[in-house]
Amino acid sequence: MNRRSFRSPLARALGLGSAKSGVRHWWAERTTAVALVPLCLWFVASIVAHSGSDYAAFIAWIRSPLATNCMILLLIALFHHSALGLQVVIEDYVHSDVRFAAIVAIRLGCYGLAVIGIIATLQIAFGG
């Protein structure tokens, strides 16, 4: 039986197939997206609930262990998801030698902002 192949002759000759990579990145994007749903809902509901509060009430709220932990989880998931998404955009649309430098800059920026947010949250939580 003569089976028609959709692969190019060069691909058949070189034995090229899928890159077998990217699954971990794909799962990380989906996992952070699912984690962001309840965390963002919690954050928006909390901000709405404290919209009429004064500064002292807001600080007292953020000092509660639940609010502190949820805020840190939100920052981690948000900036990790942002870094993954921006990396995909750069990989898809930047076709020059700048690609690697752009990905490194995006990751450093996103993770740096996450660290700054976590430090600020911990300073508020522990009264620093």
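Four aromatic pairs are present in the structure, which is a predicted model. One of these pairs joins Phe58 and Trp61, whose rings lie 5.2 Å apart centre to centre, with 45° between the planes, a tilted arrangement. Both residues belong to helix H3 (residues 55–62), where a spacing of three residues separates Phe58 and Trp61 by about one helical turn. The two members of the pair fall into separate accessibility classes: Phe58 is partly exposed, at 30% relative accessibility, whereas Trp61 has a relative accessible area of 13% and is buried, because the cut-off for burial is under 20%. Phe58 and Trp61 also take part in one aromatic cluster together with Trp42 and Phe43.

The secondary structure of the protein chain consists of five helices and zero strands, giving the pattern α-α-α-α-α along the sequence. Among contacts between residues at least 6 apart in sequence, 71% link residues at least 24 apart. Of the 128 residues in the protein chain, 24% are buried.

Conventions:
Residues are numbered from 1 along each chain as its sequence is written. This is a predicted model: local features need pLDDT of at least 70, side-chain atom pairs count only at pLDDT 80 or more; totals for chains, interfaces and linings use all residues. Side-chain values use heavy atoms; hydrogens and water are left out. Rings of Phe, Tyr and Trp (its six-membered ring) pair if their centres lie within 6.5 Å; planes under 30 degrees apart count as stacked, over 60 as edge-to-face and the rest as tilted. Helices (H or I, at least four residues) and strands (E, at least two) are DSSP runs, numbered from the N terminus. Buried means under 20% relative accessible area, exposed over 50%, partly exposed in between (1.4 Å probe, protein chains only). Contact means heavy atoms within 4.5 Å.
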